[in-house]
Amino acid sequence: MATKRKPYIREMNSDWWRKLPYYRFYMLRELTAVPAIWFSILLIYGLSALKQGEASFACFVQFLANPIVLLINVVALMAALLQTTTWFTLAPKVVRLSECCAYRAKIALWGITGLATIILLFLAL
Amino acid sequence: MQIITTDLAIVGAGGAGIRTAIAAAEKNRNIRVALISKVYPMRSHTVAAEGGSAGVIQDHDSFDSHFNDTVSGGDWLCEQDVVEYFVKQCPTEMVQLEQWGCPWSRKPDGTVNVRAFGGMKIERTWFAADKTGFHMLHTLFQTSIKYPQITRFDEFFVLDLLVDNGRVCGLVAINLLEGELVQIRANAVVMATGGAGRVYRYNTNASIVTGEGMGICFRHGVPLRDMEFVQYHPTGLPGSGILITEASRGEGGILVNKDGYRYLQDYGLGPETPLGQPKNKYMELGPRDKVSQAFWHEWRADRSITTPRGDVVNLDLRHLGPQKLAERLPFICELAKAYMGVDPVHEPIPVRPTAHYTMGGIETDSQCETRIKGLFAVGECSSVGMHGANRLGSNSLAELVVFGKLAGDAAVERCAEGHNASDSVLEAQAADVEKRLKTLMKQKGKERWGTIRDEMGLSMEDGCGIYRTAELMRTTCSKLAELKERVKNVGVTDQCAVFNTDVLSLYEITQGLDIAESMAHSALQRKESRGAHQRLDKGCNKRDDEHFLKHSLAFYNQSGPPRIEYSDVKITKLPPAQRVYGAAGDAQPKK
Amino acid sequence: MKTLKMAIARYNPEVDDKPRFEDFHVPYDNQTSLLDALAYIKDALAPDLTYRSSCRMAICGSCGMMADGIPKLACKTFLRDYAGAGKVTLEALGNFPIERDLVVDLTHFLECIEALKPYLIGNTRTPADGANRQTPEQIAKFHQFTHCINCALCYAACPQFGLNPAFAGPGSISLAYRYNLDSRDNGKQERMPMLNGPEGVWNCTFVGVCSEVCPKNVDPAAAIQQCKVESALDFARSVINCQKEKEVR
């Protein structure tokens, strides 16, 4: 006898991520990859400019000073910070730390990040 | 109708059913086992058991001690040879579960820990925090996966048995998703369908605990034994009936009335034990029947707390401290917060007795076999004679695995015998089941099954509650008779083949009425007070060994209430004595 | 008594082509759960309303469904929490085929559990040998992952499972990992091929929502990420072993 069942399968549309705040935040986290790529390209451009001589590097510095580039870089910095935040929250899970250890690990990671930033800034300026 | 042929069919995939299946698969590597359940195995009600499972393990404990606690706890209505077998097998089965992966709570040295429980003289309750049933069921379910001999039929609802010539030959079930009937032909059938707590309005049981497994056997002439003994668990949440484990008291929780007084000392369970130092078989560690009865007296004396969901007393766990509560009773904390809005760390939990467990069930011999050859019963649906008139906490989880194993082994032997049933007879029986289901689907009328269920439940609370009188029981009996007529006028709305819960709920409630009747009539005719069956009427308020040291047997009667007969109780080494707890228990001369 | 509007997605495979919403007005108080409300509707308004339920105390895992698009256990979600909005929408558990009303087909989930061998392997002790020793520290390693009630809320939340229905999914992977971590078990090598395989852990992009919706704080996302580390190490080991074998030859 023929089955009376007729399972209804819900299609997953391409806008699935808009349905829940949690998904939207996830997409935002994934999107931080785009500014990261931008900054990587920028870094390569800088390095190659440095190699090609002073005039070329000056041109690169001038490019960096462009307000639009500046704005994009600020966005890239924010994205990097967001990515760092989520990573530091999740990393303790991966290495199986207890809740209180995870909290300490998170603080330690931020501490190291802050210290490294200060040292780099100190060296650069 | 599709016919599936197997060797052994097991109805119900809770703790007992799965343990039976595994035992059968281990006993005979070539056996085919059909494990049939109306829900996925992990939804079975074993999952909701909290406190623990008994098994003698400590050096200063003994099988005799566990035996004595169980038999006196059951007010001498236990089959003593069965209890002797049970207590000896418990530790083996607990270790077996450990070796299948059950995460028992341990001591710092890595050995298994045990906790105190009501009515047990020495700590022997193995536990996995306060989710013991959950962990046992999942361990059993997951372990069952490794046996290719076991084929699961998840969400198949068993409607009836196929019996020819006094020999069980299989069963008829409906595949819930397909809406199709199938015959499962087998040489032996094990019923492991759980209790019938849902015939009461307020109970600790899952909505699936409707008792139709008992009902099916009942209608085939197998008697239901000791059905008047229904356990009220002393600590359920008001309204919902959600279970708050006895382990709360085993860990040191106390029960207080509206004046903050530990009233149990007034009911033969005292003297009062110091706070945080629970003493076995004293006060809060008394057996469930006595603790529930004490509540009833407090309520009648107006010393309980009135709430919109009924009268309550307080279960105070605050002195255990947040750390112990988190380690030993995390689920209780979760339940109290979610369903009562109470955090046990800071506030007492309001509780009241709720129907919990059917001590009686399908009569079996000591090998779990019923009067129908090849038909076995195990777990709460059965009455192998373990619990007598009152079950001790943590004996039922142990029962599932001890007798699951026994039934599995015994059923394999029965399977080997085979049978020569007439195919045409079985076909005719199956066709009849199909016809009855079709008739039920077409049933018209103004009644609703929900109304029948609620009226049955309330009537059972009134007539077959913690304390009973002839008058109240008679009222319940006539109410049930009325409902049995009215249920024929319940209209079935749902005509869809796929997952039709309308018609199956009606089927469950129809069977439930039979079970309720067997309880009420067995109770009415037991003119004494014993264990969970306590009467207030004159001449019936004491235990009467002369006339009632007997099992009651309820036989199905198509044209009216069940016929009640009696059978002897097997007494091997502990003759009936006075059943006392607290200081009086210690004062009693030792045998 | 206050009432709340409940919009429930109904689907009768014999009549409907797709789910349709039906509104019910349900009286409730401070303790009424979604499951209580469904029981009320079935009793009083629509006897053909179809849903699964059993324990009503959040331990059996039967009554998973979508409440306002979020996977929830109906028995542990309360109408009072939707009083502000004045309405709640109930649909069958996401990402699974709908069989009828709020009942979905869980076959895939069960098959994944079975395929990942969630039982102790390679431990030859018998009851006569007595119990294994296992210290509280050894138990703590896997204990959290034993709390899964198989409700499948994590599957309903996981977009990667939605996009790839062959993915073994958070629940079954956590369970397999629970046994990998058990000091009594020696079966990891039997479970790793599937965990490493096309339906295994690498489908996960660490959305993390599975842990967010889990009613028992099992944290399947953590299990999967830890499994990824294991899987990567497993891969590295196999490469090294392969190299060594070549050298031996």
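Predicted model: local features only at pLDDT ≥ 70, side-chain atom pairs only at ≥ 80, totals over all residues.
How many bridges pair S5(B) with strand S6 (residues 125-126) of chain B, and in which sense? Two, in the antiparallel sense. Two strands count as paired if DSSP finds at least two bridges between them. Strands (E, at least two residues) and helices (H or I, at least four) are DSSP runs, numbered from the N terminus.

Residues are numbered from 1 along each chain as its sequence is written, and chains are lettered from A and ligands numbered from 1 in the order in which they are written.

Back to those strands. They belong to an open sheet of three strands in chain B, ordered S4-S6-S5, with antiparallel pairing. Strand S4 (53-54) and strand S5 (114-115) are the edge strands, each pairing on one side only. B:Arg115 has B:Thr125 in S6(B) as its bridge partner.

Next, strand S17 (residues 349-358) of chain B. Ten of its ten residues are buried, so S17(B) is largely enclosed by the rest of the structure. Buried means that 20 or more other C-beta atoms lie within 10 Å of the residue's own, with C-beta atoms placed from the backbone. Strand S13 (residues 230-236) of chain B runs antiparallel to S17(B) and is joined to it by five bridges; there, B:Tyr232 is partnered by B:Ala355. Strand S16 (residues 310-316) of chain B is also antiparallel to S17(B), with three bridges, and B:Val313 stands opposite B:Val351.

B:Arg288 lies in helix H7 (residues 288-300) of chain B. Is B:Arg288 buried or exposed? It is buried, because 25 other C-beta atoms lie within 10 Å. Leaving aside neighbours within four places in sequence, its contacts include B:Gln231, B:His233 and B:Pro234. Contact means C-beta atoms, placed from the backbone, within 7 Å.

Last, the interface. In chain B, 45 residues are in contact with 42 residues of chain C. On the chain B side, the elements giving two or more residues are helix H3 (80-99), helix H4 (132-144), helix H9 (330-340) and helix H14 (501-525). H3(B) gives the most, with five residues.

Note on methods: Buried ≥ 20, exposed ≤ 12 C-beta atoms within 10 Å, placed from the backbone. Contact = placed C-beta atoms within 7 Å.
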